[in-house]
Structures are given as structure tokens and as C-alpha cells.
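Biologist: Hi! Could you walk me through this model?
Modeller: Happy to, here it is.
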Amino acid sequence: MRADWGTAEAPLSDVWPTAALPPEALPSVLRARQDGWFLAPDAPLWCFLPAVWPTTARAWVPDRSVREVRLRIEGGGERRVPWSPWDVAEVEQDVAALLAACGLGPRPLGRLWLLRPPPVFADLEAALEWLVRRAEAEDVPVRCGPELVALVQRAVGEWFDR
């Protein structure tokens, strides 16, 4: 299996939210969730996942979300502030560096990835937990790296090529 970001694939949906929402609360994501899609994890550990997932079980929606950072206020409490363009650029630069270290190109900007779980799992979280256990059993570092990408590619191939 080869890795690709499906840059020519059309979005699953393109709905503009009426308020500032996090990714999991966007109308297009909620509608996709009803159809059996799961939002791909945003954690750096899994940033490569959509590139190695089969195109038949992968989709995307435009990222119209607003992410926030929590700022602690002197004297107690906290305040939530939307990410700035610089915050977004810094995160994408970090992710691109991780992907490059894995031998993958940068991910397309402005997408929220949706994945269908493998047929042998009820949801995406169960599949990810299984991948972590398999990596640990095979002494593969559980971090975004070429070894984990190769392990996931093998597993995904087994799951979806049945």
C-alpha cells in the first residue's frame, strides 16, 4: 500500500457553521458521524493516519473549526482564546516535520479527515488501541515514526483487503 493524501478527492460535505465550533461539533462532522465516519485523531502520534488509510474508507470535510488555547489568568481562572494564524502555522510546521521524518509529504491544509473503522472493529478508537498494543508487542516505538507508519500500513492492508 502506498501513502497518499488524496488531494484530488472532493470533500464529503461543505457546510459552514453558524458559530465558532471545535472540529467535533461542526455540522458536517456530526452528519458524517451519523453515517459511520469518525473524526481522525488530531494527536501528533496519528498525523499520518489519513495518508495510509484506504481511499474507500477515508473522506474529508473543509476545516471550518475554531481551535482555542487556554490562557491562565493571574490570580486564578482561565480564558479561552482562538488560535492565531501563527499558531496554526506552527502546528502545521511541526506536523510536516513529523511526516517528513516518516518519509511522507505534508498533509493538505484546511481539511478535517474522516475515517471509517476497519470491519473488524466497532469504532476507530478500538482500532487505534489495537495498533498501540501491537506496536508494543513488536517493540515498535509508539510515536510518530517510520516504524509505526510501516506497522500501521501492514495492519490497514490486512484489515481492508479481506
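Modeller: A term for the pocket first: on a 1 Å grid over the protein atoms alone, a pocket is an open set of points where a 1.4 Å probe fits, with protein on both sides within 12 Å along at least five of seven lines. Lining residues have an atom within 4 Å of a point. A volume is the space filled by probe spheres set on the points, which are joined across faces, edges and corners.
Biologist: And where does the model come from?
Modeller: This is a predicted model, where local features need pLDDT of at least 70, side-chain atom pairs count only at pLDDT 80 or more, and totals for chains, interfaces and linings use all residues. Residues are numbered from 1 along each chain as its sequence is written, and side-chain values use heavy atoms, leaving out hydrogens and water.
Biologist: What volume does the largest pocket have?
Modeller: About 860 Å³. It has 38 lining residues, and P23, D42, D63, R67 and W83 are the closest to its centre.
Biologist: Which element gives the largest share of the lining?
Modeller: That's α3, with six residues. The elements giving two or more are β3 (68-72), β4 (78-82), α3 (85-101) and β5 (111-115). Helices (H or I, at least four residues) and strands (E, at least two) are DSSP runs, numbered from the N terminus.
Biologist: Switching to the sheet, in what order do the three strands come?
Modeller: β1-β5-β2, in an open sheet with antiparallel pairing; two strands pair if DSSP finds at least two bridges between them. The edge strands, β1 (38-39) and β2 (58-62), each pair on one side only.
Biologist: How many bridges join β2 to β5?
Modeller: Five, with A59 opposite L114 in β5. Two bridges join β1 to β5, where F38 has L115 as its partner.
Biologist: Is β5 mostly covered or uncovered?
Modeller: Mostly covered: five of its five residues are buried, meaning under 20% relative accessible area with a 1.4 Å probe, protein chains only. R111, W113 and L115 point one way, L112 and L114 the other.
Biologist: New topic: why does R134 count as buried?
Modeller: Because its relative accessibility is 17%. R134 lies in helix α4 (residues 124-137).
Biologist: Which side chains does R134 join by polar contacts?
Modeller: E138 at 3.0 Å and E158 at 3.5 Å. A polar contact is a pair of N or O atoms within 3.5 Å; within protein, one must be able to donate a hydrogen and the other to accept it, and residues adjacent in sequence count only if both atoms are side-chain atoms.

Methods: Buried < 20%, exposed > 50% of the residue type's maximum accessible area, 1.4 Å probe, protein only.
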